[in-house]
Amino acid sequence: ERDCLWIWTAQNRALVERWQEARRAAPGAAAWRQLRGGFGELMMMMRGLPATLPTLPLELTVLYNSLLFTMEASDSAMEGQEGIRQGLLRVLEACGACEQDLSSEELWQKVLQEVTVAELQAPLHQLGALQAAWWLSTGRLGSVTGLLRLLSNAEDLGKAHWSKVENELLSLLKAWRVPAEGDSLPLVQSTRDLKEILCTSAAFLQGLQEFEAGNFPTARSLLQEAAGGFCTRKVLAQIYTCLGCCAQRMGKPQTALQHLKQALQVDFQCLPALSHVAAVYHELGETDVELQALALLFEALEKNPPAAASSSPYFLIRTELLVHTPVLDSILRHRHPSEVKYLLAQRCLQHGRVADAVEHYLDFLALLQEGLQQQVALDVSSAVPRIPEVFLEAASALEQAERYQDAITVCEEVISRTTGLIPRVLLLEERLGQPECPPPQAGLAGGLLAQKKESLSCLAWRAAGYLHQGWMRGKLGEVKEAVTQFSRCLRELLQVQLYGPGVEPTENLLPEVEVLQKIRLLALIGRGTQFLELGNHKKALLDFQHGLQVSPGDPAAASYLVQALWNLDRKQEAAAQWQKLSQRPPKEDGLQEGQGRPVPLYLVSCLKQAVFPHSDDLARSIQNYLGSTIQDSS
């Protein structure tokens, strides 16, 4: 046994030395597998013999070194957990006890309470650090707290429980006195270093949990604790990014910017921080700086640089292996270059930078035309809307840049692509937002609802294409062609019976239905204005009246109605309508106020064109008419 012990000790030392050499030379996958396999073979040999107290310190040390490699491989979690369990059972076997049916928490409690051999304390603390890391990586903070109470010889061990006590967790980690490690049993990663990583990871993880729960002041304190801990530059930049997001949620944009800039100073390749910088400037309304940040982000993403090498010592167990939660993934989500390109286009269009918007939209559309659909097939959290909407936004930008023929071509693409996707008749006879189906049919009802909403979206895109073409034909002076396009838009909308029996127009409207209503209103106003150009005032009057039926009280439709009545020499009616309109409180943009949701970006240019141009001549004529009417009555 003594000879075996000497040989095994030498083998463990040799493997650790090989690891240290390989670490300095940036080991490849092959070297990794050899080292992991070497520790595994040595562990198998030692477990081939009965457990004894003299060999247990070495056996537990080899197990610790072996499990470090196992835990680093993300697909070996169960293997590592079982390895710790078998190690604890070997300790009990050597002490003359055997408990196979205990849970992991109960097994640790039994071992740490009953095994008092001094030589086993350091190896047990090593395994305890690994167990804490495993539990921490799966979010079992209460179990980690209970284990640390036992390892720290806390009072009342018999009543140690495994509840989630987060504040106590950090206190116990800091107070935990890790036994000194002997030179004869070298480790791949020291327990002291692992303890520091556990402290950082625990603070980071709890900070993220508080962030997700909306407890931002507590989250900020915990994240600041993590930022002062032991971690790589990459993780430190991630922590600063989370601090920035936390400050942003707390309504402190300047503090958020400070943290996000710290993240970029620590790791200039932490591109999610730059993405959040743009978002903060967007909230502040500082468009120039926001666009600069987005441009830098796009440039950095296009270069796609390799990950920066960490300046910290390389460890098998690291914070990034222990802290992986959905909220962290959301905060650190990497935007695709095409998504950033779209954001640049959208922001420029929203702020009237038409030339820049056109350039960015055309760049984005070029990605689609080059067959790079896979690159722009973004996840549900992406800022990019459906592709037809992007086309319509591009058409809107081209229209505002007075590139009418190009805009008409883009709209024609939308119309042609949506042909055949819309049923000839689409009935909405129920409250689609609240299907009255029994639970067993809930899945079917949800499928039908999704199908109808998709059909409504396709209809809205196709109708919007005709709507834009109508306005642009009018700008080109092609009045009759403009009337034709507006009529096609309205004909498309006739395919849908928006309100079935028993459903009022104001009840639980889907967003898609509200958009269709807005398109119908804009098409009626647009066609009516073209009829005015043609001198066909009766048809214009009918369109404006129908527009007010679609959107009662709409100021643009009401104003155009006054104009049509006046042109038809129905002056008394025109004056009465004008008086009603004048008595209403002024609105910045009645068409955009609507009921509920804002209109899509691709309709904003149409809204602006539909606004009734202020006419001093018409107002003066009506006032003179009213004045003369009063005098005649007197």
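Biologist: Where do we start? How many helices and strands does the protein have?

Modeller: With the overall make-up. Remember that the model is predicted. The protein has 29 helices and two strands. Of its 634 residues, 51% count as buried.

Biologist: What share of the contacts with a separation of 6 or more comes from residues 24 or more positions apart?

Modeller: They account for 70% of those contacts.

Biologist: How do I read a nonpolar core?

Modeller: General idea first. In soluble globular proteins, nonpolar side chains tend to be buried together. Now the case here. The largest nonpolar core has 202 residues. Leu130, Phe204, Tyr361, Leu467 and Ile519 touch the most other members. Domain 1 (1-161) and domain 2 (189-335) each supply at least three residues to this core.

Biologist: Take Ile519. Which residues is Ile519 in contact with, leaving aside neighbours within four places in sequence?

Modeller: Ala460, Ala463, Ala464, Leu467, Cys489, Leu493 and Leu603. Leu467 is also among the core residues that touch the most other members.

Biologist: How far apart are Cys231 and Arg318, in sequence and in space?

Modeller: They are 87 residues apart in sequence. C-alpha to C-alpha, the distance is 7.5 Å. Cys231 is in the loop between helix H10 (216-227) and helix H11 (233-249). With a relative accessible area of 18%, Cys231 is buried.

Biologist: Now the rings. How do I read an aromatic pair?

Modeller: A pair of aromatic rings is described by the distance of the centres and the angle of the planes. This structure holds eight aromatic pairs. Take Tyr342 and Tyr361. Their ring centres are 6.2 Å apart and their planes are at 75°, so the pair is edge-to-face. Tyr342 is in helix H17 (residues 337-350) and Tyr361 in helix H18 (residues 354-369), so the pair ties together parts 19 residues apart in sequence. Both Tyr342 and Tyr361 are buried.

Biologist: Which pair is stacked?

Modeller: Phe544 and Tyr560 form a stacked pair, with 5.2 Å centre to centre and 20° between the planes. Phe544 is in helix H24 (residues 537-550) and Tyr560 in helix H25 (residues 555-567). The two are 16 residues apart. Phe544 is buried at 0% relative accessible area. Tyr560 is buried at 8%.

Biologist: Which residues do ring pairs link into a cluster?

Modeller: Tyr342, Tyr361 and Phe364.

Biologist: Which residue lies over the face of Phe298?

Modeller: Lys341, at 4.5 Å from the ring centre. Another case is Lys571, which lies over the face of Trp566 at 5.2 Å from the ring centre.

Biologist: How do I read backbone angles?

Modeller: Most residues other than glycine have a negative phi, and most peptide bonds are trans. Glu402 has a positive phi, near 65°. Glu402 is in the loop between helix H19 (387-400) and helix H20 (404-418). At 58% relative accessibility, Glu402 counts as exposed.

Biologist: What is the phi of Asp569?

Modeller: Positive, about 65°, although Asp569 is not a glycine. Asp569 is found in the loop between H25 and helix H26 (571-583). At 54% relative accessibility, Asp569 counts as exposed.

Biologist: Last, the record. Where does UniProt place the feature "repeat: TPR"?

Modeller: At residues 521-554, in an unreviewed UniProt entry. In the model, that span is 82% helix and 0% strand. Its end C-alpha atoms lie 9 Å apart.

Key: Residues numbered from 1 in each chain as written. Predicted model: local features only at pLDDT ≥ 70, side-chain atom pairs only at ≥ 80, totals over all residues. Heavy atoms only, no water. Core = buried A, V, L, I, M, F, W, Y, C linked by side-chain atoms within 4.5 Å. Buried < 20%, exposed > 50% of the residue type's maximum accessible area, 1.4 Å probe, protein only. Domains from an automatic or database assignment. Contact = heavy atoms within 4.5 Å. Helix = DSSP H or I, 4+ residues; strand = E, 2+ residues; numbered from the N terminus. UniProt positions renumbered as here; feature names shortened; annotations may be inferred. Phe/Tyr/Trp six-rings, centres within 6.5 Å; stacked < 30°, edge-to-face > 60°. Lys NZ or Arg CZ within 6 Å of the ring centre and 35° of its normal.
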